[in-house]
Each structure stands twice: as structure tokens, then as C-alpha cells.
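Me: I have just opened this one and would like a careful walk through it. Could we take it topic by topic?

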Amino acid sequence: IAIAPGRVTAERAAELALQTIPLEELHESPLNPRTIFDAAKLQELADSLAQGQLTPCLVRPRHKGGGYEFAAGHRRYRAAKLANLPALRCIVQEMDDARLLEVLVVENDQREDVHPLEEARGYAALMKSIKGYDVAKIANRVGRSTKYVYDRVKLLMLTKEAQQVFLDGKITGKGATYRQYDAFCLETQAFVNAINVPAWKDQVI
């Protein structure tokens, strides 16, 4: 059964093995392309969770090591820790790595604070891991234009040094934010030149 993140009614959740699972049995997925989380927004979510969890998380059983792995709910898990909650309500569903990755990418894409490079890594992982996934299919799946997805994926052509500069927030990334990729290239090029990072422009397609 395919579950759309954040769109499970209470009645439907009851039919899909809704469980209250202790935090110590829950684990973040190593497949999640997202690693950066805004501390202030996590605290806001923690304050909200302290008043009650409205939407269950989605997890799959871990067949090695025990416990459960998140498909949807990484932010709620981190926020629950901040709020010192003992457990989270979760829907337990068997799924393979391909399905898990798809849920992760769609879930992340619904968040406003996901870094453009992490979006790009998620899209690229889908195309690499699931046969038939291309830019057009991803765009349709996440509700974006093909240009948006293509411009995000092009960010992966930056050198590792330039990517780290972007992730560290040392450049604004306005080009990525407003889909003006050429402007972003020029801004990044000027910055990496200033700190003697090897040029990467020729690698961009």
C-alpha cells in the first residue's frame, strides 16, 4: 500500500498498524538526503508536539539491528527528543529501499527549509536507484516544473569544495532559490575564486 506523507486520516491509520513506538526503537534513515535542520524550526515543532502529535510518522521495520527506520518523520523525531517525549505514534509499513527513498524525497520536498543541494541529491538518488525515474517523472511526482528539477540536479556538478561553501551558507544561493541558475553560477564562481578553490564552471552542463 502506498502512503502519501502527511495525508493519512485517523481512520485509515487505524487500519495500517498504527503503533506508539518508544524513541529508542526509532532510527533515522541512512538513505535520507537531508542532513541540515533549522534549529529554531525544530524547537517550534517540539513545542507543538508537546501539545500532542496530530500526524503519525511512517516507518518500516529494520530487519538488521531491530527497531524501525523512518520514511517520513525525521523532523518530528528530532523535535520529540527536544521535547523529551518518550514515544511517537507511527504507521509501520514494509517497503523496499526504492519505495523508502521515494517517500523520503517527496516528504523533504514539502518542506520550505530544505537546502537546494539536498533536494538535488534526493532527485539524483531517485534517478539512480529507481528504473524509469527521470527529470520529468520527478517533476510530476513532487509537483515542480521540469526546469526546477533540472536546475537543482545541475548543482551537483559543482566541485565538492564549492558545494561545501554553499552548504555552509557562505554564499546566498539566490540563483538556486529563484531558479536563476546562471546568476548562481556567477556568484559562486566569484566566491570560490576569492578563496582559491579550484574553478568548477567548466564542469557545469
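Me: Which helices each supply at least two residues of the lining of the largest pocket?

Reply: Those are helix H2 (39-49), helix H3 (74-82) and helix H4 (97-109), where helices are DSSP runs of H or I with at least four residues, strands are runs of E with at least two, and both are numbered from the N terminus. The model is predicted, so local features need pLDDT of at least 70, side-chain atom pairs count only at pLDDT 80 or more, and totals for chains, interfaces and linings use all residues. Residues are numbered from 1 along each chain as its sequence is written, and side-chain values use heavy atoms, with hydrogens and water left out.

Me: Okay, and which aromatic pair does a search of the whole structure find?

Reply: The search finds one aromatic pair, formed by Phe-70 and Tyr-77, with 5.1 Å centre to centre and 50° between the planes, which makes it tilted (ring centres of Phe, Tyr or the six-membered ring of Trp within 6.5 Å; planes under 30 degrees apart are stacked, over 60 edge-to-face, the rest tilted).

Me: Are Phe-70 and Tyr-77 buried or exposed?

Reply: Both Phe-70 and Tyr-77 are buried, meaning under 20% relative accessible area with a 1.4 Å probe and protein chains only, whereas exposed is over 50% and partly exposed lies in between.

Me: Switching topic, which rings have a charged end over them?

Reply: The charged end of Lys-137 sits over the ring of Tyr-133, 4.7 Å from its centre, and that of Arg-144 sits over the ring of Tyr-148, 4.3 Å from its centre (NZ of Lys or CZ of Arg within 6 Å of the ring centre and within 35 degrees of the ring normal).
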